[in-house]
Amino acid sequence: MDFVSPTSLSEALAVKAERPEAVPIAGGTDVMVELNFDHRRPAVLLDLMRVPELAEWSVSDGRVRIGAAVPYSTVIAELGDSLPALAQASRTVGSPQIRNRGTIGGNLGSASPAGDTHPVLLAAGARIELASVRGTRTVDADDFYVGVKRSALEPDELITAVHLPADAGPQQFAKVGTRNAMVIAVCSFAVALHPDGTRIGAALGSAGPTPRRAVAAQTFLAGELADTGLWESRAPMRDSVRRRFGELVAEAAQPIDDVRGSAAYRRHALSVLARRTLGWAWQEYQGGVRTCA
Ligand SMILES: Cc1cc2nc3c(=O)[nH]c(=O)nc-3n(C[C@H](O)[C@H](O)[C@H](O)COP(=O)(O)OP(=O)(O)OC[C@H]3O[C@@H](n4cnc5c(N)ncnc54)[C@H](O)[C@@H]3O)c2cc1C
């Protein structure tokens, strides 16, 4: 097995163009498991951890750009104020060791329906930056996940960054696992009240072939907030609204029965997560106080 370790993005893209079968490795927390269990035996590993362009985050024009090889520990330590739900999701990943090594780009590269960043990226309206020697393009998170562990990434492309609005309104992420840490989500959910006061983002994970938006729930809540003047009044939200929102989120799921939970349990848990996280986000919108899951 060849191990190629470029020190610039242009070098990394040139390797991927010449050898599209090369498997990128960032933190290695997914790749090394696959190698150790002999699930794949690539001819080439393309190490991305010495590419400086992938290891940085920055803010410009109202957007945060997070390099694909930025680890969860950095998101937690440095981006919690501007990207609260992404930091919440990052805090639930694995253990400190996994959070030090594991990256957002790696989560996207695996595109597992259970990956913890995906509901947040969908709800927050993220764009994924992809690059090759042919150029750079960005795709909406909505268009990135195309099937079970499949994404819109072309064989000669690398994920270079994710872009998110820097002025996030109230956001929440919550996850159900079979224990409190080191656990793959049984189901997960993120909600984002966009600061322009008109849009709702709601998305779920580990309850369908891909992470997905709960479109009907978003539409229902946006309509309810507009019709009742709640965006302006910031009055308490009726429990019936939060319950209906939860029901619509559960209806958006397409879960399966597996070792981690039954489809029925996942639907029920999602309705509870959605109701609770919406309540926390709304409290924050009312009082400007951030409530953590
Ligand atoms: C003990 C343990 C616990 C875990 N717990 C969680 C958890 O709670 N939640 C969760 O979501 N995940 C969890 N994971 C999975 C894993 O940590 C995450 O998916 C992590 O984000 C992967 O990042 P990485 O940098 O280690 O990716 P890698 O293993 O390096 O790569 C993962 C995949 O992405 C591809 N890839 C990486 N970077 C790029 C890029 N820039 N461009 C294109 N393709 C790329 C690789 O080729 C590979 O297919 C856990 C893993 C372990 C071993």
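In the predicted model, F3 stands opposite L45 of strand β3. Strand β1 (residues 2-4) pairs with β3 in the parallel sense over three bridges; strands are DSSP runs of E of at least two residues and helices runs of H or I of at least four, numbered from the N terminus, and two strands pair if DSSP finds at least two bridges between them. Strand β2 (residues 23-25) also pairs with β3 in the parallel sense, over three bridges, and L45 in β3 is the bridge partner of V23. From β2 the chain passes through helix α2 (residues 31-36) to β3, a right-handed β-α-β crossover (clockwise from the first strand over the helix to the second, with the strands pointing away from the viewer).

Strand β3 (residues 44-47) is covered on both faces, with V44 and L46 buried on one side and L45 and D47 buried on the other (buried, under 20% relative accessible area with a 1.4 Å probe, protein chains only).

Residues are numbered from 1 along each chain as its sequence is written. Local features need pLDDT of at least 70 and side-chain atom pairs pLDDT 80 or more, whereas totals for chains, interfaces and linings use all residues, and side-chain values use heavy atoms, without hydrogens and water.

One cavity of 30 Å³ or more was found in the whole structure (a set of points on a 1 Å grid over the protein atoms alone where a 1.4 Å probe fits but cannot get out; lining residues have an atom within 4 Å of a point). The largest cavity holds about 60 Å³, and its lining includes L83, A124, H194 and P195. Strands β10 (158-165) and β12 (187-193) each supply at least two lining residues.

Terms used: Buried < 20%, exposed > 50% of the residue type's maximum accessible area, 1.4 Å probe, protein only. 1 Å grid on protein atoms, 1.4 Å probe; cavity = no way out; pocket = protein on both sides within 12 Å on 5 of 7 lines; lining within 4 Å. Points joined across faces, edges and corners; volume = space filled by probe spheres on them.
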